[in-house]
Protein chains: 2
Amino acid sequence: MSIPGTPLLSTLDTLFNPTSVAIVGASEDRDRLSGRPQRYLMEAGFKGVIYPVNPNRSTVQGLPACRRVAQLPATPDLALIVVPVASARQAVIDCANRGIRSIYLLTGGFAESGEEGRALQGEIGEIARAHGIRLLGPNCLGAFNAHSRFFGAFGTSLERGFPAAGPVAIASQSGAYGQHLAYLLHRRGVGMSYFMSTGNELDVELSECIEWLAVQPQVGVILAYAEGVRDGARLARALEAARLVRKPVVFYKVGASVAGSQAAASHTAAMAGTDEIYDGVFRQFGVHRARSIEEQLDIAYACARSRPLRGGRLGIVSVSGGGGVQMADSAEAHGLLVPALSPPVQAELRAIIPMGSHANPVDTTGQVVNKPQLLAETLQVVADAGECDALAVFLGTVPLTSAGDAPLREAIRQGTERFRTDGAVAVSMVADEPSIRAAEAQGCLVYEDPARAVRALGALNGFARAFAAERSPSAAMPIPTGVGDRALSEVEAKALLRSAGLTTLPEVLARSADEAVRAASEFAAPVAMKVVSPQILHKTEIGGVLLGVSGDSAVRDGYMTLNARAARAHPDLELDGILVSPMAPRGVEVILGAVYDPTFGPVVMLGFGGVTAELFRDTAFRAAPLDEAEALRMIEETHVWRMLQGWRGAPPGDVPALVRAVCAVSRLALGLGEALESIDINPLLVLEEAKGAVALDALVHLAAGLPVSFSPVMGGDFNPSSVWEGRAEQAKLRVG
Amino acid sequence: MSIPGTPLLSTLDTLFNPTSVAIVGASEDRDRLSGRPQRYLMEAGFKGVIYPVNPNRSTVQGLPACRRVAQLPATPDLALIVVPVASARQAVIDCANRGIRSIYLLTGGFAESGEEGRALQGEIGEIARAHGIRLLGPNCLGAFNAHSRFFGAFGTSLERGFPAAGPVAIASQSGAYGQHLAYLLHRRGVGMSYFMSTGNELDVELSECIEWLAVQPQVGVILAYAEGVRDGARLARALEAARLVRKPVVFYKVGASVAGSQAAASHTAAMAGTDEIYDGVFRQFGVHRARSIEEQLDIAYACARSRPLRGGRLGIVSVSGGGGVQMADSAEAHGLLVPALSPPVQAELRAIIPMGSHANPVDTTGQVVNKPQLLAETLQVVADAGECDALAVFLGTVPLTSAGDAPLREAIRQGTERFRTDGAVAVSMVADEPSIRAAEAQGCLVYEDPARAVRALGALNGFARAFAAERSPSAAMPIPTGVGDRALSEVEAKALLRSAGLTTLPEVLARSADEAVRAASEFAAPVAMKVVSPQILHKTEIGGVLLGVSGDSAVRDGYMTLNARAARAHPDLELDGILVSPMAPRGVEVILGAVYDPTFGPVVMLGFGGVTAELFRDTAFRAAPLDEAEALRMIEETHVWRMLQGWRGAPPGDVPALVRAVCAVSRLALGLGEALESIDINPLLVLEEAKGAVALDALVHLAAGLPVSFSPVMGGDFNPSSVWEGRAEQAKLRVG
């Protein structure tokens with residue numbers, strides 16, 4: 001539970017970079033959880049002052065100790081509380097009274113363990129808030145900073161040595177996960193900056209940590225782990241802060257599966273947004289979503305040692321044909337292109353390695369084992385041709401041969417010397433640890449598995465693209481809010497959409513058969529007729545739609561038929577009338593909508609039309625607001641994109657119109673804010689290029705109603721005759 | 001290129017299990033490629049006789065050598081030829097003349113290097129065939145058998161020690177890949193049986209190796225690597241042979257991407273089938289398709305140490321909440337269920353670990369570090385409840401703590417003792433090598449990454465399901481073949497489909513407006529009208545279909561309209577007539593078809609109807625023949641399955657009728673054989689349960705025409721009135 005109300009006064013600076021630390025409940029036993037933080041601080045060489053507090057001892061682990069917090073000789077920046085849960089409340093009060101304004105509450109047994117713990121946690125939250133205390137935890141493993149040698153944590157990973165200083169920061173809701181990751185980074189030789197485990201997030205939440213890490217000069221890449229965040233807008237702000245300063249965020253968000261999300265919910269009290277929405281938000285802010293520890297680690301490693309790519313063209317040089325093919329397969333799966341090298345470059349390569357392959361992947365064949373210089377020359381030609389933005393080199397097990405890897409490594413160094421100034425080089429090889437470290441020292445990323453090497457390069461490309469995006473998110477549409485709780489009728493919903501800038505067909509709400517006939521004759525063509533009633537939300541289910549109705553008597557019949565069907569379905573019906581409109585022209589049907597997500601607030605959704613979006617989950621989500629570039633990326637994520645390119649001989653669709661429609665819904669959703677429950681435009685018909693996009697049907701649910709005024713006869717702003725050719729014939733063709 | 005004509009006489013037994021080996025071109029230099037096979041054979045302790053052949057030496061590496069093959073004191077089982085390419089042809093002739101019937105041609109510079117090499121390879125093939133020689137290669141790394149210590153190979157991986165004897169066999173087109181994999185297995189402590197690299201596959205192909213390996217008692221799991229096979233039917237036979245003896249095949253087929261497949265094609269001369277068809281065939285025969293070396297290795301490791309699962313229910317026990325959630329997420333991605341444990345089991349767990357989570361994933365919390373017995377008890381309850389078929393245990397970095405991993409390992413051993421007799425246990429932990437080996441020794445699979453652990457269990461479940469399938473593939477439909485080359489008209493195509501057992505609507509080919517009117521009145525309802533002409537294959541493109549035509553004058557108009565449109569599109573038209581049929585009832589539209597694939601022969605395809613199948617690639621492929629169970633699995637692989645369950649309130653569809661239709665197309669495709677070019681039933685309409693499936697339109701292309709006789713007026717065998725309700729209204733609703 002986050003603490004509502006005024007923002008807490010202190011920043012996170014003191015919390016994560018204290019110069020003096022009291023350890024409340026410090027134990028003499030260096031192996032107990034309550035003894036380890038002091039041991040780590042001392043072993044790691046923390047330069048600040050350490051004040052152990054222990055009611056029964058005058059020294060702890062060789063340092064002078066106070067019996068009570070009140071007796072501390074000075075007010076420390078931070079208190080680490082490691083007392084049992086029963087004493088935790090008093091310890092926090094003691095700290096508050098002593099003027100301490102930063103606390104890590106490492107103790108467990110709070111909200112994660114049931115109602116009683118939840119209540120206790122709430123009380124502590126009140127105390128912290130009243131005293132302006134920033135509090136990490138409870139039920140967390142603490143935090144550390146490998147640069148300052150401040151290790152205010154207990155984690156098994158530190159038992160195997162302290163991490164070297166470096167650019168990688170970890171912010172994890174799960175302490176166990178975070179330390180696991182920290183250890184694997186350590187083992188892989190990747191240096192760290194900050195580690196922070198947020199536990200139950202009584203006060204400090206993951207999002208705030210990410211936002212704070214984004215502006216720390218020692219941080220180059222942020223690894224985040226969450227089972228769900230409470231405040232999606234805060235997360236979005238944090239991710240955007242990182243994006244703006246070009247710091248990659250690699251996020252492992254678990255709970256994607258049903259069993260997983262149940263477990264996540266039972267593990268924390270987080271109210272998780274749906275997984276698809278997380279996916280959309282991660283894409284929106286250029287976050288790489290990892291699906292395993294290994295993936296998060298691989299990409300952290302790449303980010304720590306290499307820059308985002310300048311483009312997505314991958315050159316592949318392999319000492320065996322198979323290695324090259326494997327890498328090419330992986331490249332496609334991770335969004336990289338493997339362009340054929342130009343004929344002159346291929347000719348140069350042919351002169352160096354006549355027996356090899358020269359297009360890309362380039363296969364030097366195994367002869368480089370005997371003549372490493374061939375590899376140097378090959379790489380130089382590929383690297384300096386300017387046709388690739390990253391290089392992937394496959395050496396396989398060749399480094400294990402008696403010839404060794406040193407000559408090959410030297411060849412790679414030579415061959416990529418100029419390229420490495422702004423290009424990334426990933427080497428896939430099976431080699432001994434010293435060889436790997438030597439290759440890294442000369443500027444290469446080293447992965448054993450070729451698919452993992454390419455995946456990391458793909459991530460570097462993804463970051464580059466996300467960092468390059470300039471944003472101009474649309475403002476919220478100003479909407480006067482009122483009170484209420486209802487679904488708008490189709491007529492009202494369309495009026496609202498039009499006020500947001502969307503286009504609809506002209507339509508007339510007929511209240512008699514005569515009015516319907518008059519309207520139809522005005523439209524001078526076959527018409528669509530639909531029942532309109534607040535009680536009938538899904539018209540097709542009761543047969544409440546007639547399409548292609550032509551001629552006065554048919555329109556009159558239609559009017560009667562629809563009234564009869566509506567009455568049969570809902571005997572106590574309030575029928576607003578029958579909506580008459582021209583038949584829609586041809587186009588690509590999409591679903592465009594918005595929902596108010598409990599985590600992320602107003603969220604926009606775009607998907608393939610018909611049953612397909614739902615069945616195939618072919619949808620893209622984004623948190624509002626978004627701009628046109630982001631709307632375009634949403635479209636590109638779905639198969640709608642290919643349909644709009646002119647699928648199977650159909651004319652290309654009006655992509656800019658769809659982009660504008662997405663932005664309009666975003667503005668509307670943002671303007672509605674908490675009053676929004678859901679908007680469903682199904683279908684939105686995207687017409688041919690330059691002809692627009694038309695909302696054919698719309699359903700709007702409001703949590704709180706709006707005083708929107710509706711005219712009884714709604715004039716749509718779209719003139720279908722401009723795109724109408726052979727409509728009558730079409731209607732006939734499509735009968736049945 | 002494979003050698004056409006009569007099968008070669010010798011089996012692969014001698015080729016891969018020789019008792020005496022001549023090395024033609026053996027070098028005194030033990031590190032040269034031509035020196036290494038002899039060194040390996042000697043170092044590994046090969047028990048057979050080794051005959052070095054070297055024109056310039058009387059001893060090679062300490063063994064007496066012959067100057068010429070002709071001088072060999074006895075005829076060896078096998079000759080390893082390691083001479084330069086220029087001498088290769090003569091060496092093969094020498095071996096043939098000496099009576100040698102098994103050869104590894106390790107030399108490169110043949111088909112892979114251009115036209116000249118291709119010709120030379122062809123000549124050698126002729127020589128081998130003429131003498132009944134089985135030949136591995138050329139351009140390969142040879143083969144070995146770790147059980148018999150026969151190492152007829154040169155591979156850098158052997159430089160790091162010989163693999164221990166064990167169940168894993170490798171059959172790889174790429175020698176570099178195969179040895180890479182062999183080394184990684186060796187490093188992971190997984191024992192091997194056979195290794196074989198097939199290179200240019202002049203004679204022995206990968207499929208034959210797989211088939212042979214399937215029946216070798218020393219082989220428990222087969223790892224295959226290919227860039228494409230030439231004879232798909234042969235591959236299918238080999239995979240089925242492995243499936244029948246319950247030996248898992250883990251196949252890494254590369255070339256899925258465009259760049260990858262181009263590289264693959266330039267690396268070997270293989271004519272690769274499309275990747276989707278490989279996918280379908282792998283599923284058909286229960287093969288696990290790996291997408292990286294790492295995946296292939298992980299699953300080989302699991303297969304070498306564990307049995308296929310008895311079911312797909314996964315129990316997860318974790319020492320941290322995060323680990324459990326990660327594993328649950330992975331389980332869903334790999335086809336495993338994570339069922340909630342029953343209330344009594346949860347109650348038992350609550351008694352042991354009150355603070356943990358008890359549903360599944362089970363979270364013991366970190367207290368097991370101090371009390372490992374809790375882990376033993378937890379595991380015992382979960383394992384022995386009989387509610388799971390596999391267990392995944394997450395220990396994270398806990399084994400690195402000072403308490404060590406031994407107590408936890410002992411707890412796992414105790415807790416899973418009964419379970420392990422027929423259940424698999426995978427442990428995810430970060431631990432030192434000796435700890436990992438110790439955990440393996442007590443029967444656990446050990447993976448560092450939790451996602452990889454679960455993926456491997458998912459694969460074990462996949463094998464179990466595939467092995468359990470009983471096959472009764474349908475026979476080919478007997479079809480008299482003729483000569484020709486043409487597309488059948490819709491009328492002819494439907495007649496052919498009916499003869500194969502598919503259902504069509506009744507229809508009349510009208511040759512005059514009067515005939516059309518008469519036909520329509522017979523069907524007593526709105527009708528569909530379509531042009532029929534061999535020149536018009538895609539009727540809708542020229543407006544050649546009218547639906548829902550009702551009333552004599554409309555039918556007459558329709559007849560005229562269609563004739564006019566056809567004439568406009570093709571001025572020199574041969575119009576067979578206008579096909580008149582009742583309107584189709586409602587149903588789920590699917591695409592069902594078959595093609596003749598150059599690799600796999602007749603292949604059946606099923607997909608979602610409309611544009612969706614192609615756009616989303618929502619299709620399933622299988623090589624014909626297939627049986628009903630396999631047809632059902634095809635349906636389940638696509639979203640058609642969910643549609644047929646009654647998507648969004650629609651009535652469930654007639655799955656058995658679709659299964660029969662798939663089998664009918666399979667029989668027909670198989671019967672047509674090479675005469676088949678393609679069959680497209682688009683759409684096949686699957687009706688409500690027990691009401692059948694109807695081919696509404698069909699396109700059949702034959703490579704060689706068939707003397708099928710067609711009656712001028714085709715009577716369909718499906719009576720739509722049985723499912724027809726409110727057709728007129730429907731037609732009206734669907735106009736436009």
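# Briefing: chain A strands, sheets and domains

Strand S21 (residues 508–510) of chain A runs antiparallel to S24(A), and 3 bridges join the two. The model is predicted. Its scores are ipTM 0.85 and pTM 0.87. Chain A has 24 helices and 30 strands.

**Strand S24 and its partners**

- S24 of chain A covers residues 577–582 and is mostly covered, with 6 of its 6 residues buried.
- In the pairing of S21(A) with S24(A), A:Leu509 stands opposite A:Leu579.
- Strand S22 (residues 527–532) of chain A also runs antiparallel to S24(A), joined to that strand by 6 bridges.
- Within S24(A), A:Gly577 is the residue opposite A:Val532.

**The parallel sheet**

- An open sheet of chain A holds 5 strands in the order S2-S1-S5-S6-S7, and the pairing is parallel.
- Strand S2 (49–53) and strand S7 (134–136) stand at the edges; each has a single partner strand, so one side of each has no neighbour in the sheet.
- On average, neighbouring strands of this sheet are turned by 20 degrees against each other, direction ignored.
- Strand S1 (residues 20–24) pairs with S2(A) in the parallel sense over 5 bridges.
- A:Val24 has A:Val53 in S2(A) as its bridge partner.
- Helix H3 (residues 85–97) of chain A lies across S1, strand S5 (78–81) and strand S6 (102–105).
- H3(A) runs at about 170 degrees to S5(A).

- Helix H9 of chain A spans residues 275–284.
- Its buried residues are A:Ile277, A:Tyr278, A:Gly280, A:Val281, A:Arg283 and A:Gln284.
- These buried residues pack against two helices of chain A, H7 (232–244) and H21 (628–637).
- They also pack against strand S13 (249–253), strand S25 (588–597), strand S26 (601–608) and strand S27 (619–623) of chain A.
- Just after H9(A), A:Gly286 takes a positive phi of about 70 degrees.

**Domains and overall build of chain A**

- The domain assignment gives domain 1 (1–139), domain 2 (140–305), domain 3 (308–468), domain 4 (506–582) and domain 5 (588–733).
- The centres of domain 3 and domain 4 of chain A, taken over C-alpha atoms, are separated by 66 Å.
- Along the principal axes, the C-alpha atoms of chain A fill a box of roughly 100 × 80 × 35 Å.
- Of the 736 residues in chain A, 58% are buried.
- Among contacts in chain A with a separation of 6 or more, 73% come from residues 24 or more positions apart.

**Confidence in chain A**

- The mean pLDDT is 87, and 90% of the residues of chain A reach 70 or more.
- Residues 1–10 of chain A have pLDDT below 50; this stretch has 17 contacts in the model beyond near neighbours in sequence.
- Residues 707–736 of chain A also have pLDDT below 50, and this stretch has 67 contacts beyond near neighbours in sequence.

**One residue in chain B**

- B:Arg498 sits in helix H17 (residues 490–499) of chain B.
- B:Arg498 counts as partly exposed because it has 19 C-beta neighbours inside 10 Å, while a buried residue needs 20 or more.
- B:Leu239 lies 259 residues from B:Arg498 along the chain, and 33 Å separate their C-alpha atoms.

Technical notes: Residues are numbered from 1 along each chain as its sequence is written. Chains are lettered from A and ligands numbered from 1 in the order in which they are written. This is a predicted model: local features need pLDDT of at least 70, side-chain atom pairs count only at pLDDT 80 or more; totals for chains, interfaces and linings use all residues. Helices (H or I, at least four residues) and strands (E, at least two) are DSSP runs, numbered from the N terminus. A residue is buried if 20 or more other C-beta atoms lie within 10 Å of its own, exposed if 12 or fewer, and partly exposed in between; C-beta atoms are placed from the backbone. Two strands pair if DSSP finds at least two bridges between them. Axes are lines fitted to C-alpha atoms, for helices over the stretch in contact, and angles run from 0 to 180 degrees between N-to-C directions. Two residues are in contact if their C-beta atoms, placed from the backbone, lie within 7 Å. Domain bounds come from an automatic or database domain assignment. pLDDT is the predictor's confidence in each residue, from 0 to 100.
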